[in-house]
Amino acid sequence: MSAQKTPAARGNGRFALLVAVLAVSVVASTWLAVSIGAVHVALPQAWAIVADRLVPGLVPRTWTPVHEQIVWQFRLPRALLALLVGAGLAVVGAVLQALVRNPLADPFLLGISSGASFGAVVVFIMGASALGGLSLSAAAFAGALLALALVYVLAQRSGRLTPSRLVLAGVALAYLFQAAYSFVLQQAQSGRAAQQVLFWLMGSLGGARWEMLPLPSVVLAAGLTYLLLQHRPLNALSAGEETAVSLGVNVHRLRITLFVLTSLLVGVLVATSGAVAFVGLIVPHAARLLVGADHRRMLPVTALLGAAFLQLVDVAARMVVAPQELALSIVTALFGVPFFLWLLRRRSVDRAVTVT
Amino acid sequence: MKKLLVLAMALTLAACGQVPATREAEPAAAPQAGFPVTVSNCGRTLTFDKPPAKVVTGYHPALETLFALGLGDRVAGRTNFSESAFLPGHKEPYDRIPEISPTIMLPQKELMLAQGADFVLDNSIASFDAAGGYATVEELDAAGAPVYIMGGWCSPEAALEFTLDDTLTDLRNLGAIFGVPDRADQLINELRADLDDVRERVGGRPPVKVLATDGGKGPVNAYGGAGVTHQLITAAGGQNVLADVKADYTEVNPEAIAAAQPDAVVISEYATLRGEKKPTVAAKAADTLSVAANSPAAKDDRVFALPVAAQHPGYRNLLAVVDLARFLHPDAFQR
């Protein structure tokens, strides 16, 4: 408050305010997502249903089983999954941009999502029996792990990962996996199956159920905690290898840890929602434009921004052509690109990625 | 490798040289009565000086339609059909016709043109998309193989306008093209009688609310209020719960499915891979009924497997109406 405050303290106040505003946006967008949908459920009723589930008997039951199913089994888990996927993809994008020191990096750069997509397409077209009875999301996760292992083997040289090898191995394997799933897709006897696959590949939260939430929640919470604890090494890494080494960071070990962590996160997220494009690319840049490149501030802002953004995107995907649905990647690009261009024009992006 | 290539070429040549022995013993030059015949199809005018004798058929319902008209002996090449069961009596004549494509699509351009067909029958313009590597309608036309597209499926938009009358129109046109108008008229009259019978039986009864899907937990892959499936449901005394969705096959929000309260569920039946004998109706039905968990259809476990071939233009459409009506209104068929 007082004029004597240091710039850092003023920055802290501004940061706290921003985080508070973003947290409110996350809650508000989730409230919106639970309140509206393809089927009209009166607002008080929607919240009475949630309240009744949380504290049974709190409110008199006046709703139909169908409305309860819609709010409790479809909308709420879907809204929560949107938060997890949005936050997760955005954080992964931020870390990968620092890891490979490239502002174009996004969660799909390292081929992990292509591996996940390959697993999903195999199950879509060839049936669960093709991969020993794995479900769609289990197959997607298995594909992600396979890609992770391959990229790691290809990118490392005597235990060291370099950004350029990582990117090249990732991009090359992404093409390989895309070719593989395109082949499986071409073998499909039915245009219907192909359409389903394409829709899934472009991302959808339509299949969200409660049982899909625990795994992404745990992985995201653990990952985010680790990354926040490592914000100093992350800052050093994004400033350059020499800087990091001179600051005493074990660069090789950090790179491997970050690679495995982000790959696992991408695998888990893509397995639940398909490949949602663009969130992981633009949200970290938006966060840097807001609070700078220091990961201590940038990562929480990225997570909150990503969560709120994907929540609103999913509401749009459900509502624009209701009761039909749009694939998420269509909406992320449609709403994300203009916003991002506006941000770019407003603020200098010269300081993007690296800490200055 | 080289040996293999030579072998493959020899096999291909052998396949090409296989002129069907079933060709009609027609009078050599004398023009057949009633010819030339002119029909219009997808905005083009097709003229035939004589009945086609070397026909290539695309997706199986096209072949079924020719079988129904007793024209199987005119077919020189067909695609593979292994996604679901054959219509009664169709397996044998199918086996006698050379398979020119191992998939449900026509073969690639070169192989297709090499067939030397004089008529091509299919039910989707996708089979003639140059981008997919297929011979286009124009190329086939120039090669002396005019293309007839069934059901008015000239474009994705046109496919939304399909009605069962389009199938009857196809039968009439094919009867004319092949010089068997009487046979076509007789079949049309029989099928019309079947449709009238269904209409009469289900007429006074309250329509059964039907949800037609292809599975999916969310979004649900469902059939909206336009296109073949919607027409089948309506003709069979059903009421499509997604009638307001102006689409054929589309992705629908699970909320809307949960709230739709269908009395019965229709699931597309097909194997997704060639040669695969396993249709996936049970799993798709389980997904759909878990979304529509509070519906009468879920309580009664009322599921009808509709072969996807019947959801494409062709003779099978009209048979499916009767089957579906019997499922939706069993009481109406007691007498």
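Predicted model: local features only at pLDDT ≥ 70, side-chain atom pairs only at ≥ 80, totals over all residues.
Residues are numbered from 1 along each chain as its sequence is written, and chains are lettered from A in the order in which they are written.

In chain A, helix 3 (residues 65-99) packs against helix 13 (residues 295-319) at an angle of about 135°, with the axes 7 Å apart; helices are DSSP runs of H or I with at least four residues, and strands are runs of E with at least two. Axes are lines fitted to C-alpha atoms over the stretch in contact, and angles run from 0 to 180 degrees between N-to-C directions. Helix 3 of chain A is therefore oblique to helix 13 of chain A, oblique being what remains when angles under 35 degrees count as roughly parallel, over 145 as roughly antiparallel and 65 to 115 as roughly perpendicular.

Between the two chains, 29 residues of chain A are in contact with 32 residues of chain B, contact meaning that C-beta atoms, placed from the backbone, lie within 7 Å. On the side of chain A that touches chain B, helix 3, helix 4 (112-126) and helix 7 (191-201) each supply at least two residues.

In chain B, B:Phe304 lies in strand 13 (residues 303-307). B:Phe304 counts as buried because it has 21 C-beta neighbours inside 10 Å, where 20 or more are required for buried, 12 or fewer make a residue exposed, and values in between make it partly exposed. Leaving aside neighbours within four places in sequence, B:Phe304 is in contact with B:Ala264, B:Val266, B:Leu324 and B:Phe327.
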